[in-house]
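User: I would like to see how the labels on this model follow from their cut-offs. Please set each value against its rule.

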Amino acid sequence: MAIRYEFIKQDKQTGARLGIVHTPHGSFETPTFMPVGTLATVKTMSPEDLTELNAKIILSNTYHLWLRPGHEIIREAGGLHKFMNWDGAILTDSGGFQVFSLSDLRDIQEEGVHFRNHISGEKLFLSPEKAMDIQNALGSDIMMAFDECPPYPASFDYMKASVERTSRWAERCLTAHARPDVQGLFGIVQGGEYEDLRKQSAQDLVSLDFPGYAVGGLSVGEPKDVMNRVLEFTTPWLPQDKPRYLMGVGSPDSLIDGAIRGIDMFDCVLPTRIARNGTCMTSNGRLVVRNAQYARDFGPIDENCDCKVCKNYSRAYIRHLIKCNETFGFRLTTYHNLHFLIELMRKVREAIKEDRLGDFRDEFFESYGFNKP
Ligand SMILES: O=c1[nH]cnc2cc3nc(NCc4cccs4)[nH]c3cc12
Ligand SMILES: [Zn+2]
């Protein structure tokens with residue numbers, strides 16, 4: 001079966017909604033956070049760790065896996081689920097964003113994008129058809145259309161031409177997408193911070209009737225109030241009965257503010273990336289556990305966290321491991337940060353069930369130390 005979204009209920013205090021996304025590799029409640037496993041691993045986490053954390057879906061990157069180890073090897077392995085021994089759901093990004101964010105010398109044509117491999121320097125070409133072929137080889141449950149995420153900020157004229165090309169590319173992805181019976185292909189809405197371009201992009205994609213829609217072109221350096229405003233005038237153009245995925249987000253406050261504006265799915269490298277430099281998310285804000293002040297602190301990373309790291313290991317011990325560059329230290333901070341965000345989304349879903357997400361936002365922002373605009 002393909003991807004199917006089940007709308008459960010609308011929060012009475014905000015624009016948030018409770019839903020369930022059904023995939024060939026299991027179903028998950030939304031709003032949800034997807035850990036990022038760029039190179040076929042959520043760095044330092046085993047599939048068992050992810051299952052223990054109640055992660056139901058992870059993200060992997062088409063661009064990176066195409067370059068290393070190559071999508072043909074993964075195809076021969078029987079697909080990405082088998083290759084990495086993960087039986088939950090997998091969403092793959094289309095590679096377009098990584099081309100724009102990782103490689104120089106890119107030449108965007110109607111046919112596709114010519115660029116240089118950011119590791120070997122060799123010339124490469126990525127197109128809607130190629131991005132579909134790679135994702136079909138990976139066998140992901142949710143594939144992303146090949147889009148252009150323009151640099152931020154971009155002129156109206158550039159953005160308009162880019163949105164129209166992204167819509168043409170989306171149609172080519174639908175045509176090239178080989179397995180609509182078992183894979184879901186999401187369109188990606190672009191348009192920068194121009195309300196009429198976001199509407200045009202959303203209407204173009206909705207007319208192609210995708211099983212789900214991503215809001216792209218955000219979390220690219222714009223201020224948070226710009227992101228929130230763009231969401232406010234974009235999500236209303238998306239169907240109520242399909243999932244909405246905000247790409248590359250994010251921090252705890254952005255997850256809550258995105259859910260409040262009708263977003264169902266999020267992904268971000270933040271929790272796993274900051275964990276590897278010894279920064280932890282806690283209910284009272286960020287804690288840089290590698291700092292000297294924790295050398296003799298034998299308490300848990302977060303007094304209010306019930307994860308197995310906070311139950312069994314101290315700040316002093318974790319600080320010691322991180323300072324010595326011990327891999328186990330990164331496993332501990334990563335496990336805790338993922339638990340923190342996955343648990344945060346469970347609390348968000350609970351708040352929606354009880355029609356009190358607005359109140360939950362205020363309480364969380366107060367304790368985490370965010371201002372409450
Ligand atoms: O429009 C997009 N299209 C396809 N993939 C994306 C991924 C994205 N990830 C971020 N932000 C998170 C970041 C990760 C690395 C640098 S920024 N923004 C993103 C936008 C897009
Ligand atoms: Zn913890």
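User: How many salt bridges does the structure hold, and what makes a pair count as one?

Analyst: The structure, a predicted model, holds 26 salt bridges. A salt bridge is a side-chain nitrogen of Lys or Arg within 4 Å of a carboxyl oxygen of Asp or Glu. D264 and R17 meet that rule with an N to O distance of 2.7 Å. This pair links distant parts of the chain, 247 residues apart: D264 is in the loop between α10 (252-260) and β14 (265-267), and R17 is in strand β2 (residues 17-23). Helices (H or I, at least four residues) and strands (E, at least two) are DSSP runs, numbered from the N terminus.

User: What conventions apply to the numbering and to the atoms used?

Analyst: Residues are numbered from 1 along each chain as its sequence is written, while chains are lettered from A and ligands numbered from 1 in the order in which they are written. The model is predicted, with local features needing pLDDT of at least 70, side-chain atom pairs counting only at pLDDT 80 or more, and totals for chains, interfaces and linings using all residues; side-chain values use heavy atoms, leaving out hydrogens and water.

User: Why is the pair of D297 and R315 called a salt bridge?

Analyst: The closest N and O atoms of D297 and R315 are 2.8 Å apart, so the pair falls within the limit for a salt bridge. D297 lies in the loop between β16 and α12 and R315 in helix α13 (residues 315-323), so parts 18 residues apart in sequence are tied together.

User: Why is R315 called buried?

Analyst: Buried means under 20% relative accessible area, exposed over 50%, and partly exposed in between (1.4 Å probe, protein chains only). R315 has 15%, so the label is buried. Other buried residues of α13 include A316, I318 and L321.

User: How do you know that S162 is buried, and which side chain does S162 join in a polar contact?

Analyst: S162, in helix α7, has 1% relative accessibility and therefore counts as buried. Its side chain is joined to that of E148 by a polar contact of 2.8 Å. The rule asks for a pair of N or O atoms within 3.5 Å; within protein, one must be able to donate a hydrogen and the other to accept it, and residues adjacent in sequence count only if both atoms are side-chain atoms.

User: What makes the site of the zinc ion (ligand 2) tetrahedral?

Analyst: The protein donors are C305 (SG), C307 (SG), C310 (SG) and H336 (ND1), 2.1 to 2.3 Å from the zinc ion. Donors are N, O and S atoms within 2.8 Å of the metal (3.2 Å for Na, K and Ca); water is not among the atoms, so sites may look incomplete. The angles among the four donor atoms are 102 to 117°. Four donors count as tetrahedral if all angles lie between 85 and 135 degrees, so the label applies. Both C307 and H336 are buried.

User: Why is the pair of F156 and Y194 called edge-to-face?

Analyst: Rings of Phe, Tyr and Trp (its six-membered ring) pair if their centres lie within 6.5 Å; planes under 30 degrees apart count as stacked, over 60 as edge-to-face and the rest as tilted. By this rule the count comes to 13 aromatic pairs. F156 and Y194 have ring centres 5.3 Å apart and planes at 85°, so the pair is edge-to-face.

User: What makes Y368 and F370 stacked?

Analyst: The ring centres of Y368 and F370 are 4.7 Å apart and the planes stand at 15°, so the pair is stacked.

Definitions and conventions: Four donors count as tetrahedral if all angles lie between 85 and 135 degrees; four count as square planar and six as octahedral if opposite donors are over 155 degrees apart and all others between 65 and 115; anything else is irregular.
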